[in-house]
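Here is a short briefing to read alongside the model. Please have a look at the fold first, then follow the notes below.

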Amino acid sequence: MKRELGIARCGLACCLCNENNHCAGCHSDSCKDKEWCENRKCSLKKGISHCFKCDDDCRNGMLEKIKPYGFTLFAKRYGIEHLLDCLERNEKQGIVYHRSGITGDYDDFENVDDLLNFIETGKRRNK
């Protein structure tokens, strides 16, 4: 985990991303997605660094997806440091952010509450 990379504006975990060796990130002027990324454009317009710092509860752009929305909601509720602590602990326990391409253990949740619980506990609820 590269904790110093933190999370993207939309909540994706740059600190755990397989692409963090060559991706400039959405906070950089050389962001490869800056022309189309709705979350980057919106947060810049509002003068905030991340979607979790916004008072709105929107599901625009990447926040349409459960994983970035869940990470954003977790940071909004519990703080970025607690999110990073949980991600670091989970990684040490074998939870993988990107297992196949960009899909990993934080994906395939049917609702955000189950993802929030997984981030917090490192365990999936029984179905």
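**A buried phenylalanine pair**

Phenylalanine 109 and phenylalanine 118 are both buried (under 20% relative accessible area, where over 50% is exposed and anything in between partly exposed, with a 1.4 Å probe and protein chains only). Keep in mind that this is a predicted model, where local features need pLDDT of at least 70, side-chain atom pairs count only at pLDDT 80 or more, and totals for chains, interfaces and linings use all residues. Residues are numbered from 1 along each chain as its sequence is written, and side-chain values use heavy atoms, with hydrogens and water left out.

**Aromatic rings**

- Searching the whole structure gives six aromatic pairs, where rings of Phe, Tyr and Trp (its six-membered ring) pair if their centres lie within 6.5 Å.
- One of them joins phenylalanine 109 and phenylalanine 118, with 5.3 Å centre to centre and 45° between the planes.
- That pair is tilted, the term for planes that are neither stacked (under 30 degrees apart) nor edge-to-face (over 60).
- Phe109 and Phe118 also belong to one aromatic cluster with Phe71, Tyr97 and Tyr106.

**Overall fold**

- The protein has four helices and zero strands, counted as DSSP runs (H or I of at least four residues for helices, E of at least two for strands) and numbered from the N terminus.
- The radius of gyration is 14 Å, close to the 14 Å that the globule rule gives for 127 residues, so the protein is as compact as a globular protein of that length.
- That radius is taken over C-alpha atoms, and the rule is 2.2 Å times the number of residues to the power 0.38.
- Along the principal axes, the C-alpha atoms fill a box of roughly 40 × 30 × 25 Å.
- Of the 127 residues, 43% count as buried.
- Among contacts (heavy atoms within 4.5 Å) with a separation of 6 or more, 49% come from residues 24 or more positions apart.

**Cysteine 15**

- Cysteine 15 sits in the segment before helix 1 (38-46).
- Its relative accessible area is 2%, so cysteine 15 is buried.
- Beyond neighbours within four places in sequence, cysteine 15 is in contact with Met1, Lys2, Arg3, Leu5, Gly6, Asn20, Leu84 and Leu87.
- Glutamate 64 lies 49 residues from cysteine 15 along the chain, and their C-alpha atoms are separated by 21 Å.
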